[in-house]
Every structure is written in C-alpha cells, then in structure tokens.
Amino acid sequence: MLDDLEEARKVTPIELIITWFSVAISIGHFTLMWLGDTYFSSFGERWYVGATVAYSFFVVFQSLKANCFDFIAAGKWWLIIPLILGLLSFTRLTKYRWAARYPVAALSGIGLGVFFGFNIRGSILAIITATANELVTLQPDPFSAIISFIAVVCVITYYLYSEKYATIFHSQTGKLYYVMRLGRLFMMASFGYLLGYVSVAFGLEILTTFFVVVIKRPILELLALL
Amino acid sequence: MAEQWEAFPVITRKKWLIATVILCAIPLVYPFVLPIPVSGRTQAFYDQLAALPPGSVLLWGDSAADVSTYVNAREFWWSLWDTICMKEIKVIFTPWNAGGVLCAEQATAERDIEGRFGYEYGIDYVIMPYLTGQEMAMASIAGVDGFLTGYSTDNRGNPVGTLPIFQEVRDLSDVDLILIQYSATEYGPMMIRQWCIKWDIPSIVIGQFYAVGEFYGTYVFGNIDKMLAMAEFEYLVGIPGEEILKMTMRDLQSLLLLAMLFVGFGWYSVRRSRGGEESDTD
C-alpha cells in the first residue's frame, strides 16, 4: 500500500520545474528581511499577489457558473433577478451609487431572516435546556453542573441594563450586587483562559510550523532527490 | 521590553531566542515523542467517526482560510482522510472559500484514496465547487433536494444529476454526520445553524473550540482544536504525522517558558521578602 502511495506521489518534470520556481521566488520574498526592498523580493511579492488574485477570480467565476449561469442556461430565468441585483453593487463605482443600496438591503434582510430562527433555537433555547438538564441530572459531574448553572445565572445579571430591575445588581448598595460581581469574575476567568490558550498556542505554533514546513520538508525532499 | 532579564541578567533576549531555536531543532535531528494523553473532545471526535457504519454519508463543510492551512497541517489531513476511508464512509466535500477546493483535490490525490482504498469519484466521494454567499449559500443547499438544486455541477464540471452519489443522497436528511472545519470563526456557527439545527444532525468540528463551545453537547460532539488536538488524533488513530513532532517541539519550548516563569516568580518573591526595591509591575 505504501509503495502505491509513493508511486502516486511521484512528481512530473513540469511539477518539478514549478516547485523549483516556487522555491526561487519564496527565497526572493524572504530576502526582504535581510536585504530590504529589492527587485528580487518585489518579484516574489508581485507573483504572490498576482497568482492569488488570478486564482480567486477563477474560483469565484467557477462558483458563479455552478450556482447561477448554469441554472439560467437550464431555463431558470428568474435567477436573472438576483444576478442583476448583485451587479448593482458595482454601481457604487459610478454616479448611480444609490442603486448599490438595493443589494445591501436585500442581503441584510435575507441574511437576518436566514440567521434569526435557527439562532434562537440553537443558541438560546438549546442552551437553556442543556443547562437545566445538566443541573437536574448532575451531568457531566455534580460539581461542573452546579458551577456552570451558577455561572450562567450570575453572568446574565451582568448584562441586565434595565434601571428599574437591575439596580439591585449594579448599584454598590444593591442587595444582589455581589451576584453581578461573581458573574464578572466568571467572565474574567473565561476570557483569561481563552486569551492565554489562543495566544500561547499561536505564539508557540508559529515557530514549530516554520521549522517543519520551511526547513524539515525541503531538506527531506532534497535528500530524497539525491 | 527590557533587553535583559532582571532575574538572570546573563540571559538576554537574544540568548533566549537562540535557546528556543535549539530546543526546536533537537526533535528534528533526534526525533522522539513525548507522551500524548488524548483529551475528551479529540476522543469524542474519533468516536463519532468510528461509530458510523460502512456506507454512511459524511458532509464535510470546509472554510479553512486558505491553502496554507492545508500546507501547514497536511499530515493531519492525510490521517483524517485515511481514517474516513478505512471506515468506508462516503464523503461530500463542500468548500466555503476559494482555497478549500484546492486542498480537497490535493489531499485526495496525494493520499491516492482511489488506488489505496478503492474509492470511486462520484460514488464514494465528491468534491463540490466553492459557493459564494456564505450563510445564505449554506441555507440554499439545506432545502429539500438541496444538493441537486443548490449546485449545478461538481468541482470537476460533472452535472450533479449524473453523479451516482446524489441518486441516494439528495439532501441533508440523507446525511449521517457533518464535519465542520473552519479558521474564520463565524463559519462554524453558520454551518451548525443551517445544517445541524435545521435537520437535527450531529456534527464534529475542526476549529477553535470557543467559536462553537455554546453548541457542544447539543449539536457538536467532538472537536479538534489546533495542533495539540491534531497530534492527539494522529496518535489515537495510529497514523503518526508531523503534528506529533511539532507538539514535541512545542512542549520543549513550553518547558523553557515555564522554567523562566518559575525562576522569575521565585526571584521576585525572594527579593520582595528581603525588602528589596519593587519592580515597575507593582
């Protein structure tokens, strides 16, 4: 099986030429750090930008073809309406820029409609049910179930903005002031965990990924060529 | 930032960087693996895949930002494709960014899933084209007969009506599990809203946990969160890849970082207990 895989992964001469060309423009791009802005580094930069734009343009055209032009050609003429609506976005570049408001309005309205119902069901109702269920069944363990229920209740009090009903939580003389304070502590613990996790993970992964992708792989592939 | 470390003035920023680079290089020269305990969310991710009987249908929604996502973690992708193919699971790959198309085509070609696992394009797996429109486009394929009405062709230009897989899988009601992959965090909740909530289908996620944490246990039942979990997955399925090596390198870096933190705290505590000058951080 591994032999088959090696066979499948053998590169063709064209792929090899493209790879070496990529290596050359990558090295050129990297020289920006030591040699500054030179023709060599600019060449790499412009190749990257140009290739990315060309590829994206091609893929977006394919996308339009797959879910718009093909359907229109197959007889779904009413799809011309959203196509025209989309094209109106470009009127922003002309003196008829007011027309660009129609696609924005349509996108906002349809987007909100598509989003709203499922968001209430998934992000509000399902979570209330799950929190209540965990408290009743004491799952995944009694401590977690109770602490998460307390955290949910306390954090919600932090976001009560009604002067009439929230003063007891937000005023320092309020009877339930410390419930809001506890909610704030839960949030700080949550944000601290997230920031630490994401920052440390990102920071440490950049160097390791650089070592593996930019150093290890090319060396091994060059050794394999020899 | 100070050029010198107060607790240990002989260690400068430059020396710290050199030490970090050397620590990273050690596993490259002498590869070794530190123990990798598999976390609950990674185990759950695998269990969801393992529980699918052969012939089940997996809808894979991919919005990983660009091609570099695949390049940086390609051996994790390989281990995932191998695991899916060994379970004989049918895959409908739907990319939600321009790079996803290329990643799927390249991963399936590099792993040679047709030669090694006998997969047939159009029957056992299919790669769809990128659809613009984000959540509205996701909603468009979530209707009745959504795969047939939302797409006209697959990524290779074959009309969807001619692909055998879509004779039996016409919409999301025929899907058994959804795999959601993202790096732009708003895409995960979009797919959960339009697919999982609408059709009540369980999902597993490759992406940062905090973006879908609210759905965990209700619609999401497994998560691969960045390099650590990728290494755990490779270790769990027995297909070791570069992520395990990267984790060893990262562990060594973390060790240095923690050691410096402990020394710094110790130095600060001793100095303070002796009544020395307080630092700027007080």
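Guide: We will take confidence, then the sheet, then what surrounds its strands.

Visitor: This is a predicted model, so which elements of chain B have the lowest and the highest mean pLDDT?

Guide: Where pLDDT is low, the predicted coordinates should not be read in detail. Chain B averages a pLDDT of 88, with 95% of its residues scoring at least 70; among its elements, helix α3 (residues 67–72) of chain B has the lowest mean, 78, while strand β3 (residues 125–127) of chain B has the highest, 96. For the complex, the predictor gives an ipTM of 0.74 and a pTM of 0.83.

Visitor: What is the order of the strands in the open sheet of chain B?

Guide: Strands of a sheet pair through backbone hydrogen bonds, either parallel or antiparallel. Here six strands of chain B, with parallel pairing, follow the order β3-β2-β1-β4-β5-β6, and the edge strands, β3 and β6 of chain B, each pair on one side only. From one strand to the next, the twist averages 15°.

Visitor: Which residue is the bridge partner of B:Ile92 in β3(B)?

Guide: That partner is B:Val126, and strand β2 (residues 90–95) of chain B pairs with β3(B) over three bridges in the parallel sense. Three parallel bridges likewise join strand β5 (residues 203–206) of chain B to β6(B), where B:Ile206 stands opposite B:Ile224.

Visitor: Why is strand β6 (residues 220–224) of chain B described as largely enclosed?

Guide: The reason is that four of the five residues of β6(B) are buried, so the rest of the structure largely encloses this strand.

Note on methods:
Residues are numbered from 1 along each chain as its sequence is written. Chains are lettered from A and ligands numbered from 1 in the order in which they are written. This is a predicted model: local features need pLDDT of at least 70, side-chain atom pairs count only at pLDDT 80 or more; totals for chains, interfaces and linings use all residues. pLDDT is the predictor's confidence in each residue, from 0 to 100. Helices (H or I, at least four residues) and strands (E, at least two) are DSSP runs, numbered from the N terminus. A residue is buried if 20 or more other C-beta atoms lie within 10 Å of its own, exposed if 12 or fewer, and partly exposed in between; C-beta atoms are placed from the backbone. Two strands pair if DSSP finds at least two bridges between them. Axes are lines fitted to C-alpha atoms, for helices over the stretch in contact, and angles run from 0 to 180 degrees between N-to-C directions.
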